[in-house]
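Good morning, everyone, and thank you for making time for this. Please have a look at the sequence and the structure first, and then I will talk you through them.

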Amino acid sequence: MQNNLEKLQEQKSLFLCLMIVGLGILVATFFGREVVKMVTDFTYIPVAGILVVLSIIISIRFRSTGNHGKAWLLFLGIAISWFIAETIWMIYEFVYHQNPFPSSADAFYLLGYPFLFLFSTQYLKPFKKLISKKMIILTSIIAISVLIPNLYMTLYNNSSESKFAITLGAIYPVADAIVLIPAMIGIVLFFRGEVNFLWTLLLIGILFEVIADTGFQFFTLDNSYYTGHPIDILFIWSYIMFSFGIYNHIQIFKKKTKISDSKNLFDNKLEN
Amino acid sequence: MNLDKEQLRKALVSLSVERALLKIGKPGYEKVVKQLSKEYNCYLPDCYEHPEYLNRVLKKIFGDSYISIVEAIKKELDVQIMEKPIEIFIRAISE
């Protein structure tokens, strides 16, 4: 059976996308802050938009049937709220020429997290009996240890940023750590299964978010963050990871051919 | 008479598997059906005679969590689980 590492290595288009985005932003950096800001903002919009489109496709495919149908509707909620957040961020920068952090964009970024947590719990619900207390404790310990560097940085800083901005910035890694728990559980539960690839990419995507949010907090407190900062690459990469995970899921559960439909009805089998 | 009972069990097993999978989502059920047909040229009612096919397909799609689906099938089968052939079927898909 093909394992996830082999499957991940086969994803040439995934690595190509990650490389193009990463190199694009790094190269744009050499042309000045205005250029890199424009390149980054205009990368966020289609990348977040693709996630919305893929979420719509998979939601239509599952048509809210069963636990997974409901889970994908919740995922659509994540994609839409983050797409709105990215749009607001861009409007603040290019229309109002204001610093978008903190702003109303944060409300939509943060709204994505309860959706992400609810998506995970809804997806894992049919398999809840397999989730042991030990599994929850172990994943929680990992999530907390990921969170510690950020909390340390938030509590011991001499930044001129407002208390509100510092607190808001610290909420993100906390939210990341919370959604990290069901993502890790998902990987363990679906180990060796085809659906595990989605959970692998979701976990990697969330890990990118954790590092990016911690980095964002650090460079904002340091007053050195600007849109197009290399840390933004990780934010975009997490969108790409999520998108490829959903795309893989669409491929796994794509509509079957009509041929076998009637054969699975028991009456027809009796006739044969 | 025996044949009728066997056919009834076959129908019951097929329906229980379908109901358990539909609770997860219709595409999940369709995927299992498709995989059974593609890999074993087998349809859902045939799983009563070839539970090992269903076992392998569930493992392939859902990995280690296939056991939860087996539990859901057991729940759907309810009291029928006491019957020996059904018990053998359950044991085979649980392996």
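Predicted model: local features only at pLDDT ≥ 70, side-chain atom pairs only at ≥ 80, totals over all residues.

Residues are numbered from 1 along each chain as its sequence is written, chains are lettered from A and ligands numbered from 1 in the order in which they are written, and side-chain values use heavy atoms, with hydrogens and water left out.

Let us begin with chain A, which has 10 helices and 0 strands; here helices (H or I, at least four residues) and strands (E, at least two) are DSSP runs, numbered from the N terminus. The C-alpha atoms of this chain fill a box of roughly 80 × 40 × 35 Å, taken along the principal axes. Of the 272 residues of chain A, 54% count as buried, where buried means under 20% relative accessible area, exposed over 50%, and partly exposed in between (1.4 Å probe, protein chains only).

A nonpolar patch with about 1000 Å² of accessible area together includes Leu16(A), Phe30(A) and Val35(A). Patches are made of residues with over 30% relative accessible area and no salt bridge, with like charges joined within 9 Å and nonpolar side chains (Val, Leu, Ile, Met, Phe, Trp, Tyr) within 5 Å. Which helix gives the largest share of the nonpolar patch? That is helix 2 of chain A, with 6 residues. Val35(A), by contrast, lies in helix 3 of chain A, and it counts as partly exposed because its relative accessibility is 35%.

There is also a positive surface patch, formed by Lys70(A), Lys125(A), Lys128(A), Lys129(A) and Lys75(B). Lys75(B) lies in helix 4 (residues 66–77) of chain B and counts as exposed, at 66% relative accessibility.

Finally, the salt bridges, each being a side-chain nitrogen of Lys or Arg within 4 Å of a carboxyl oxygen of Asp or Glu. How many does a search of the whole structure find over all chains? It finds 14. In one of them, the side chains of Glu194(A) and Lys31(B) meet at 3.5 Å, N to O. Glu194(A) lies in the loop between helix 7 (163–189) and helix 8 (196–221) of chain A, and Lys31(B) in helix 2 (residues 26–40) of chain B, so the pair joins two chains. Glu194(A) is buried, with a relative accessible area of 17%, and Lys31(B) is buried too, at 10%.

Another salt bridge is formed by the side chains of Lys23(B) and Glu76(B), at 2.7 Å, N to O. Since Lys23(B) lies in helix 1 (residues 2–24) and Glu76(B) in helix 4 of chain B, the pair ties together parts that are 53 residues apart in sequence.

Key. Areas by Shrake-Rupley, 256 points an atom, 1.4 Å probe, with all protein chains shown as cover. Lys, Arg positive; Asp, Glu negative; His and termini not counted. Charge placed at Lys NZ, Arg CZ, Asp CG, Glu CD.
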